[in-house]
Amino acid sequence: PAGFTILAIETSCDETAAAVIRDGREIVANSVASQIDIHQRYGGVVPEVASRQHILTITPVINTVLAQVPGGWSAINAVATTYGPGLAGALLTGINTAKAIAWSRNLPFIGVNHLEGHIYASWLHTAKDLAYQAPEFPCVALIVSGGHTALVLLNDHGDYRLLGQTRDDAVGEAFDKVARIMGLGYPGGPQMEKVARGVNPGALKLPRAWLRGTYDWSFSGLKTAVLNVVNDRLGERMEKVKLAEVDPAFTAQLAAAFQDSAVDVLVQKTVAAAREYKAKTIILAGGVAANTALRERLSATAKPIPVAYPPIWLCTDNAAMIGAAAYYRYQAGVQQDWSLDATPSLKL
Ligand code: KG4
Ligand code: ZN
């Protein structure tokens, strides 16, 4: 294909992913191999298991996307990978694979911050919707995932400022932990949303941590509040039964109240920041951006500021978003040498 085409790899957590992206925006091919089934039986991601699974899966996933690219390998102009933040062993698989391909094919090698990738999911489109407009700067981006909750001001490509972040649990992590307390499955976010759907969130009152005067969040108090409610409800049965099994109606009310509280603080602060910095677009990114209550409340509250959110398959971890971010980094002259290493706590 014509244009500048990047093969991108993402292995920072529990998805083994590859994609081919043209000119930073068009998804030519995309493949994600999820490890959820494997980690489910442990109730969370086991880093060592994730690393081993990435090693087994990365080559087939890359071959899958390459098979969908007209011209195959000859069409690839650069190789990109996530190098942090994430699990060290998991990141290493993607980095070493990308290095090996770039070195052997003599292609530029581009390292991408996973969070920047989530933001750039809003630049992507498929061949079917070429008319999709990229977000307009300045943007305020809310990144909500299992590992992160951050509010970022973007004045231009590569020009970021962190406005606020969580002081304790990431919001996706809070969704997952609360789901576990209530006896819902892993990953908890989608399960919580499912049981809360259509349920009045006002039946139970849960706290909101406003941390006034900042764009920071805190979710650990909310999580503890849920634990206390479940403790009170189950009493000495706490260790023996799952709330979701013995009391589904109450579980739904509690899930709805939790979701309402989390969404409320996320939306209020994001919209306040967007107004303060005169944002032309609000970008919603990361796995929790798949949450319908969050999407709807943010869009309604932000009016008239438009909210850009990618389709759900681009909200959760994928390599297409890494290819988009890589393109704009490369345009700005960024390129890595072979010394690039996994950086588990990489900052934006
Ligand atoms: O971005 P992501 O795929 O991986 C990380 O980088 O963390 O995000 C995964 C997180 C998990 O905590 C999951 O429970 C949450 O996103 N999540 C949701 C929903 N779908 C995924 N949280 C709330 N509602 C959802 N519908
Ligand atoms: Zn992620």
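So, His118 sits in helix α4, residues 114-120; helices here are DSSP runs of H or I with at least four residues, strands are runs of E with at least two, and both are numbered from the N terminus. Before I go on, this is a predicted model, where local features need pLDDT of at least 70, side-chain atom pairs count only at pLDDT 80 or more, and totals for chains, interfaces and linings use all residues. Residues are numbered from 1 along each chain as its sequence is written, while chains are lettered from A and ligands numbered from 1 in the order in which they are written.

Back to the histidine. Is His118 buried or exposed? His118 is buried, because 31 other C-beta atoms lie within 10 Å. The cut-offs: 20 or more other C-beta atoms within 10 Å of a residue's own is buried, 12 or fewer is exposed, in between is partly exposed, and the C-beta atoms are placed from the backbone. If you skip the neighbours within four places in sequence, His118 is in contact with Ile143, Ser145, Ala285, Gly286 and Met321. Contact here means that the two C-beta atoms, placed from the backbone, lie within 7 Å.

Now, the record. An unreviewed UniProt entry puts a "binding site" feature at His114, His118 and Asp317. UniProt positions are in the numbering used here, feature names are shortened, and annotations may be inferred rather than shown by experiment. These residues span 204 residues in sequence, yet no two of their C-alpha atoms are more than 8.9 Å apart, so they gather at one spot.

Asp317 comes from the loop between α11 (312-315) and α12 (320-331). Asp317 is buried too, because 26 other C-beta atoms lie within 10 Å. Not counting residues up to four places away in sequence, Asp317 touches Glu10, Cys13, Glu15 and Ala17.

Let's take the six-stranded one: an open sheet in the order β5-β4-β1-β2-β3-β6, with mixed pairing. By pairing I mean that DSSP finds at least two bridges between the strands. At the edges are β5 (109-113) and β6 (125-126), each of which pairs on one side only. β6 runs parallel to strand β3 (residues 26-34), with two bridges between them, and Glu26 stands opposite His125 in β6.

Helix α2 (residues 47-66) touches β2 (15-22) and β3, and its direction makes about 25° with that of β2. Helix α3 (residues 88-105) touches β1 (5-10), β4 (78-84) and β5, at about 160° to the direction of β4. For those angles, axes are lines fitted to C-alpha atoms, for helices over the stretch in contact, and the values run from 0 to 180 degrees between N-to-C directions.

On to the other sheet. Five strands make an open sheet, again with mixed pairing, in the order β9-β8-β7-β10-β11. β9 (159-165) and β11 (307-308) are at the edges with a single partner strand each, so one side of each has no neighbour in the sheet.

What about β7, residues 139-144? Six of its six residues are buried, so β7 is largely enclosed by the rest of the structure. Cys139, Ala141 and Ile143 are buried on one side, and Val140, Leu142 and Val144 on the other. β7 pairs antiparallel with strand β8 (residues 149-156) over six bridges, and the two form a hairpin with four residues between them. On β10 (residues 281-285), the pairing with β7 is parallel, over five bridges, and Ile143 has Ala285 as its bridge partner. You'll remember Ile143 and Ala285 from the contacts of His118.

Further out, β8 and β9 run antiparallel, joined by six bridges, with Leu151 partnered by Gly164. Helix α10 (residues 292-302) packs on this sheet, touching β10 and β11, and its direction makes about 170° with that of β10.

Last stop, the ligand. Which residues are closest to ligand 1? Of the 20 that surround ligand 1, the closest are Gly146, Gly172, Gly189, Gly287 and Asn291; a residue counts as near if its C-beta atom, placed from the backbone, lies within 6 Å. α5 (171-182) and α6 (188-196) each supply at least two residues of that shell. By class, the shell has six nonpolar, ten polar and four charged residues. Ala, Val, Leu, Ile, Met, Phe, Trp, Tyr, Cys and Pro count as nonpolar, Asp, Glu, Lys and Arg as charged, and the others, Gly among them, as polar.
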